[in-house]
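Please consult the sequence and the structure alongside the text.

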Amino acid sequence: MDLQQIVDDTWNALADERGSGTPAGYIPALAQVDPTKFGIAIATRDGSVFCAGDADEQFSIQSVSKVFALAMALDREGAALWEAVGREPSGNPFNSIVQLEREKGKPRNPFINSGAIVTTDRFIGDRGPDEAVADLLSRLHNMARDTRITIDEDVARSESETGARNRSLAYFMADFGRLLNPVEDVLSVYFRQCGIAMSCRQLAEASLFLAFDGTDPVTGLTMCSTERARRINALMLLCGHYDNSGEFAFDVGFPGKSGVGGGILASVPGRATLAVWSPGLNRAGTSLLGARALAQIADRTGWSVF
Ligand code: DON
């Protein structure tokens, strides 16, 4: 199978539709990104990366970071994490608060914002917020073998300044005794992890552990156990796109995680990781063109997990 040809064909087939969808406007710094950007990368076991378009330009990974936060929280907390956050789809938008009161402040899953805030709290653990952020960045540097992965401080600040909804979620959960660290410490890490800037190539390379049983086949670094990698993939499939997860599984058939920066990370267990970027989103905050690109690649490769 010629993956470079597939990536090129997919990019060319969709190039005229660049700019479709609606870029996230609620984080002012994201609204300034050129909406016509479009990148695709596929990373495979032997270290090859097949790229097209703007695959080497860094963008704000936003909620894609929740996958790394989950892997690190599981590493620190083990199965006890599941006492703090559930494993069910929420059927609600990513920033919804409605279920939290009925469910005593326990978020449905680690990928909605409330769940990710709890996950972040647990991966901070008993460290300071800056130490936790440095740990996350250094793992990404090592996995992607690229120290240019950084935090876009403008995005993180913009998000903090306009973060009333995330503050509400966090304080609401704190009232139920769900957070171990001071709320503003947790949010400072959450906003910075969402502000991580990575390219499609870096994202696909850094997440190979998802497709290969928890261990990056290129660097040999273990991010998590085989069982945990399997479960992170399961949660990505069921919850990775919030109330759009069913559509994504139906159309694409890969475990995936979207971010409002327009990135989508997908994993195909045993085969590859894929990252796409196009800032225009659908109503659930998933990149419109990105999801279409992944659907085309799934068709061409036959890699759907179903
Ligand atoms: O907390 C937020 O609202 C953003 N930092 C992340 C949301 C996000 O990426 C949702 N995903 N599609």
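## Helix H6 and its surroundings

Directly after helix H6 comes Arg145, whose phi is positive, near 50°. The structure is a predicted model, in which local features need pLDDT of at least 70 and side-chain atom pairs count only at pLDDT 80 or more, while totals for chains, interfaces and linings use all residues. Residues are numbered from 1 along each chain as its sequence is written. Helices (H or I, at least four residues) and strands (E, at least two) are DSSP runs, numbered from the N terminus.

The 16 residues of H6 should span 22 Å at 1.5 Å a residue, and its end C-alpha atoms are 23 Å apart, which agrees; the expected span is 1.5 Å times one less than the number of residues. Ala132, Val133, Leu136, Leu140, Met143 and Ala144 are the buried residues of H6. Seen down the helix axis, these buried residues fall within an arc of 100°, so they line one face of H6. The arc is that of the directions from the helix axis to the C-beta atoms. A residue is buried if 20 or more other C-beta atoms lie within 10 Å of its own, exposed if 12 or fewer, and partly exposed in between, with C-beta atoms placed from the backbone. On the other side of H6, Ala134 and Ser138 are exposed.

The cover over the buried residues of H6 includes helix H2 (65-77), H5, H9, helix H10 (200-206) and helix H11 (208-211). Contact here requires C-beta atoms, placed from the backbone, that lie within 7 Å. Gly125 is found in the loop between helix H5 (113-124) and helix H6 (129-144). Gly125 counts as partly exposed because it has 15 C-beta neighbours inside 10 Å.

## Helix H8

Helix H8 (residues 164-175) has 12 residues and reaches 16 Å from its first C-alpha to its last, close to the 16 Å expected at 1.5 Å a residue. Asn166, Leu169, Ala170 and Met173 of H8 are buried. They cover an arc of only 90° around the axis, which puts them on the same side of H8.

The buried residues of H8 pack against helix H4 (98-102), H5 and helix H9 (183-194). H8 is followed by Gly177, whose phi is positive, near 75°.

In strand E7 (residues 263-268), 6 of its 6 residues are buried. Gly263, Leu265 and Ser267 point one way from E7, whereas Ile264, Ala266 and Val268 point the other way.

Two strands pair if DSSP finds at least two bridges between them. Strand E6 (residues 256-258) and E7 pair in the antiparallel sense over 3 bridges, and Ser258 has Ile264 in E7 as its bridge partner. The hairpin of E6 and E7 has 4 residues between the strands, and in it Gly262 takes a positive phi near 100°. E7 also pairs with strand E8 (residues 272-277) in the antiparallel sense, over 6 bridges; the partner of Leu265 in E8 is Ala275.

## The ligand shell

Among the residues that surround the ligand are Asn166, Cys194, Ser258, Gly259 and Val260.

Note on methods: Contact = placed C-beta atoms within 7 Å. Near = placed C-beta within 6 Å.
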